[in-house]
Amino acid sequence: MVNIHLQLAIGGFKFRKADTQMDYTIRSCDYEDMPHVVSMLNRSGSKSVDLEVFRRQIAHDDQAGPTTYYVVVDGTESVVGFGRCFPDQLASKSGYFNLRITSSTHERHRGIGTLLYRQLDAWLTQNHAIHVNTNIRDNDDASLSFATNRGFQVAHHAFESRLDLSAWQPESFSATLEQVNRRGVRLANLRELGGTTDENMQNFYVLEMKLLEDEPVSSGGTLPEFGVWKQEILEQRGLFEPEGMWFALHDEVWVASASLYGRPDNTVYNGGTVVDRAYRGQSIAFALKIASLRWAKSAGFTYAVTNNEATNTSIIALNQRLGYQPSPGFYMLEKWL
Ligand SMILES: CC(C)(COP(=O)(O)OP(=O)(O)OC[C@H]1O[C@@H](n2cnc3c(N)ncnc32)[C@H](O)[C@@H]1OP(=O)(O)O)[C@@H](O)C(=O)NCCC(=O)NCCS
């Protein structure tokens, strides 16, 4: 086992690895650090991160309230760790934050995560944090024990599933589309419905509120007031496209939505599907998903990705009928301070 000594250094803490004599230094993350942070995250994570998307995400979080970012660098100034705290926008309450820490895959169990956690934990205290969320891959036991050893508890377990759109055959689902259509339900995307007018976005907003009421992970969450929500969703990390937002209308009443967000890695992310309680059990969610995925395939996206709470068995079964294959999911952990 490697011995470590915590040292106080000018401008930040230093962790000395006694075996290699290489120092780790923690300091605030600068704009110039971001390309190095992104390449470290891409070497260390299971998802690819795009620099521009990452910058937009940070700018978006900065606008939402207090944020902080730290990097850990080694003796050659290479970024080996990154940590950040930012407001939990789903909670929309002051004192609710998200925390993310990643250390370089080849530098784990050498104190980098601890260094970042201490700094962020102190920042959370200074910023009167009440509640903190974090996410961890469900096949990553080391990260899970790191978090639980620091007081986090598993709140949810989300499955991730992927659909290979290049092999997916929308024609095999045409009977469902016809059946829903015969019941007088129209499926259309936001572009076809006239774009992001206030009236359309109000209808979308009402459905998003219904989603918050019933979806197990976000249950109990609230949306910001309409104007703020509209601005946030339109800027959704630059990934919002009216063609990806699908709705079901019955007698011109908006009764269901399924949102797909295109990502720079050529995948679409399924951001949420909801059907008004009065219209459930009529294959509307299934049909909406088929219509939205058919659009994604024709737009050239290669995969669709979705996350579902492990207890949300009906949507998991529905996704499997569509052809989604399960991949490792993640735990959502929380800590009350
Ligand atoms: C979670 C994560 C950040 C931990 O990073 P790390 O650099 O391995 O963290 P540390 O080395 O500081 O701590 C890991 C364990 O090794 C121990 N350790 C630290 N230095 C050590 C050393 N020199 N020798 C042996 N063990 C050491 C720590 O005490 C800790 O054990 P503990 O939980 O019992 O206290 C890392 O696994 C990761 O990036 N995971 C992917 C992202 C993620 O899931 N993050 C979760 C939180 S947002």
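This is a predicted model: local features need pLDDT of at least 70, side-chain atom pairs count only at pLDDT 80 or more; totals for chains, interfaces and linings use all residues.
Let's start with the shell of residues around the ligand: by class, this shell has 8 nonpolar, 10 polar and 5 charged residues.

Which residues come nearest to the ligand? Of the 23 residues around the ligand, those are Gly111, Thr114, Thr134, Ser143 and Asn149. Have a look for them on the screen.

Now for some contacts with oxygen atoms of the ligand. Take glycine 111 to begin with: one of its backbone N or O atoms lies 2.8 Å from a ligand oxygen. Glycine 113 also uses its backbone, with an N or O atom 3.0 Å from an oxygen atom of the ligand. Arginine 108 uses its side chain instead, where a polar atom lies 3.1 Å from a ligand oxygen.

How much of the ligand does the protein cover? On its own, the ligand has 930 Å² of accessible area, and the protein covers 80% of that. Strand β6 gives the most, with 5 residues.

Is histidine 109 buried or exposed? It counts as exposed, because its relative accessibility is 72%, and the cut-off for exposed is over 50%. There is something else to notice about the backbone here. Most residues other than glycine have a negative phi. Histidine 109 is not a glycine, yet its phi is positive, at about 60°.

Serine 283 is another residue of this kind, with a positive phi of about 65° although it is not a glycine. You will find serine 283 in the loop between β12 (267–275) and α8 (284–298). With a relative accessible area of 28%, serine 283 is partly exposed.

On to the aromatic rings. For a pair of rings, we give the distance of the centres and the angle of the planes. How many aromatic pairs does a search of the whole structure find? There are 14. One of them is made by phenylalanine 97 and tryptophan 123, and this pair is edge-to-face, with 5.4 Å from centre to centre and 80° between the planes. Phenylalanine 97 belongs to strand β6 and tryptophan 123 to helix α3, so the pair links distant parts of the chain, 26 residues apart. Both phenylalanine 97 and tryptophan 123 are buried.

A further edge-to-face pair is tyrosine 205 with phenylalanine 226, at 5.5 Å centre to centre and 75° between the planes. Why can we say that this pair ties parts of the chain together? Tyrosine 205 is in helix α6 (residues 198–214) and phenylalanine 226 is in helix α7 (residues 226–234), so the pair joins parts that are 21 residues apart in sequence. Tyrosine 205 has a relative accessible area of 10%, so we call it buried, and phenylalanine 226 counts as buried at 14% relative accessibility. The cut-off for buried is under 20%. These two residues also belong to one aromatic cluster, made of Phe204, Tyr205, Phe226, Trp229, Phe247 and Trp254.

Rings can have charged neighbours as well. The charged end of arginine 150 sits over the ring of phenylalanine 146, 3.9 Å from the ring centre. Likewise, arginine 321 has its charged end over the ring of phenylalanine 286, 4.1 Å from the centre.

Finally, two places where the chain meets itself. Glutamate 309 lies in strand β13 (residues 303–309) and counts as buried at 7% relative accessibility. How far apart are the C-alpha atoms of glutamate 309 and alanine 158? They are separated by 4.1 Å, while along the chain the two residues are 151 residues apart. The side chain of glutamate 309 also has a polar atom that lies 3.4 Å from the backbone nitrogen of histidine 157.

The other place involves threonine 176, in helix α5 (residues 174–182). This threonine 176 is buried, with a relative accessible area of 13%.

Conventions
Residues are numbered from 1 along each chain as its sequence is written. Side-chain values use heavy atoms; hydrogens and water are left out. A residue is near a molecule or strand if one of its heavy atoms lies within 4 Å of it. A polar contact is a pair of N or O atoms within 3.5 Å; within protein, one must be able to donate a hydrogen and the other to accept it, and residues adjacent in sequence count only if both atoms are side-chain atoms. Accessible areas come from the Shrake-Rupley method with a 1.4 Å probe; for residues, only the protein chains shown count as cover. Helices (H or I, at least four residues) and strands (E, at least two) are DSSP runs, numbered from the N terminus. Ala, Val, Leu, Ile, Met, Phe, Trp, Tyr, Cys and Pro count as nonpolar, Asp, Glu, Lys and Arg as charged, and the others, Gly among them, as polar. Rings of Phe, Tyr and Trp (its six-membered ring) pair if their centres lie within 6.5 Å; planes under 30 degrees apart count as stacked, over 60 as edge-to-face and the rest as tilted. Buried means under 20% relative accessible area, exposed over 50%, partly exposed in between (1.4 Å probe, protein chains only). A charge sits over a ring if NZ of Lys or CZ of Arg is within 6 Å of the ring centre and within 35 degrees of the ring normal.
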